[in-house]
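Please open the structure in your viewer and keep the selection tool at hand.

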Amino acid sequence: IGGHLNRICDYARLLAERLAGRPGYQEVTFEFIETIVRAAALHDVGKVGIPDSILLKPGKLTDAEFTIMKTHTQVGAELLEGLRQNFGDFTMISMGIDVTLGHHEWWDGSGYPHGKAGRDIPLAARILGICDVYDALTSARVYKEAWTHPDTEEVIRQGAGTQFDPELVDIFFENPEDLRAVRKKYPD
């Protein structure tokens with residue numbers, strides 16, 4: 001799990017750094033970049049509330065199991081909201097709530113948990129959505145082999161405009177060698 005979290009954080013940094021200074025991304029400041037690197041690690045914190053029988057299942061989840069798995073976004077957001085209420089409104093916690101709650105929202109509104117679409121999905125969550133899928137596909141799991149970078153890029157590009165912010169997809173894949181370097185730096 002350490003490799004996954006380190007890669008997610010680095011992929012998020014790469015994408016955020018590429019957005020800095022571009023028109024329409026004024027919110028991507030040095031503070032935003034430093035915060036997303038830390039908040040990215042919180043994206044699946046809600047999985048602590050998912051039974052191991054589902055979380056560690058080596059095969060495809062049933063519809064009922066997937067319904068339970070989807071609650072990790074809300075469980076994580078509630079956990080972080082509790083921290084915010086108890087300890088104050090820190091930027092990392094607020095962005096952590098955004099990425100936890102929004103990293104499975106889809107650009108076309110068909111994601112979960114709230115069916116947000118387009119730019120209604122916080123930028124940090126749109127970034128994490130791409131990074132998370134990229135890492136999941138390029139990583140070996142008990143139920144699948146790791147995909148190659150070209151195959152993964154093709155699938156994510158096919159999801160641009162439906163699952164993913166199309167502009168962010170193009171920017172994410174600007175320099176594939178950077179992505180490969182992250183994978184090499186943090187192996188499973």
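Which residues line the largest cavity? Please bear in mind throughout that the model is predicted.

**Stop 1: the cavity**

Select Gly102, His103, Glu105, Trp106, Trp107, Ile121, Ala125, Arg126, Gly129, Gln163, Phe164 and Asp165, for these residues line the largest cavity. The volume of this cavity is about 70 Å³, and the structure holds one cavity of 30 Å³ or more. Colour the lining by class: five residues are nonpolar, four are polar and three are charged. Next, highlight helix 7, residues 123-138, which gives the most to this lining, with three residues.

**Stop 2: the largest pocket**

The pocket has a volume of about 1,600 Å³. To find the centre of the pocket, select Lys47, Met69, Ala136, Arg141 and Tyr143, which lie nearest to that centre among the 41 lining residues. Helix 1 (2-19), helix 3 (52-55), helix 4 (63-70) and helix 7 are the elements that give two or more residues to the lining. By class, the lining of the largest pocket comprises 21 nonpolar, nine polar and 11 charged residues.

**Stop 3: a cis peptide bond**

Move to the loop between helix 6 (91-102) and helix 7, where proline 113 lies. Select tyrosine 112 together with proline 113: a cis peptide bond joins the two, with omega of about 15°. In general, most peptide bonds are trans.

**Stop 4**

Show the surface and select Leu83, Phe87 and Phe90, which make a nonpolar patch of about 320 Å². Leucine 83 belongs to helix 5, residues 72-87. Is leucine 83 buried or exposed, or does it fall in between? The relative accessibility of leucine 83 is 34%, so this residue counts as partly exposed.

**Stop 4: salt bridges**

Side chains of opposite charge can pair when their charged atoms come close. The structure holds 19 salt bridges, and a few of them are visited here.

Begin with lysine 185 and aspartate 10, whose side chains meet in a salt bridge at 3.9 Å, N to O. Because lysine 185 lies in helix 10 (residues 176-185) and aspartate 10 in helix 1, the pair ties together parts that are 175 residues apart in sequence. Lysine 185 is exposed, at 53% relative accessibility, whereas aspartate 10 is buried, at 16%.

Next, select glutamate 17 and arginine 13, which form a salt bridge with their closest N and O atoms 3.8 Å apart. About one helical turn separates these two residues, because they are four residues apart in helix 1. Glutamate 17 counts as partly exposed at 40% relative accessibility, and arginine 13 counts as partly exposed at 24%.

Now select aspartate 178 and arginine 18. Their salt bridge has its closest N and O atoms 2.8 Å apart. Aspartate 178 lies in helix 10 and arginine 18 in helix 1, so this pair ties together parts that are 160 residues apart in sequence. Aspartate 178 is partly exposed, at 28% relative accessibility, while arginine 18 is buried, at 14%.

Key. Residues numbered from 1 in each chain as written. Predicted model: local features only at pLDDT ≥ 70, side-chain atom pairs only at ≥ 80, totals over all residues. Heavy atoms only, no water. 1 Å grid on protein atoms, 1.4 Å probe; cavity = no way out; pocket = protein on both sides within 12 Å on 5 of 7 lines; lining within 4 Å. Points joined across faces, edges and corners; volume = space filled by probe spheres on them. Nonpolar A, V, L, I, M, F, W, Y, C, P; charged D, E, K, R; others polar. Patch = residues over 30% accessible without salt bridge, like charges linked within 9 Å, V, L, I, M, F, W, Y side chains within 5 Å. Areas by Shrake-Rupley, 256 points an atom, 1.4 Å probe, with all protein chains shown as cover. Salt bridge = Lys/Arg side-chain N within 4 Å of Asp/Glu carboxyl O. Buried < 20%, exposed > 50% of the residue type's maximum accessible area, 1.4 Å probe, protein only.
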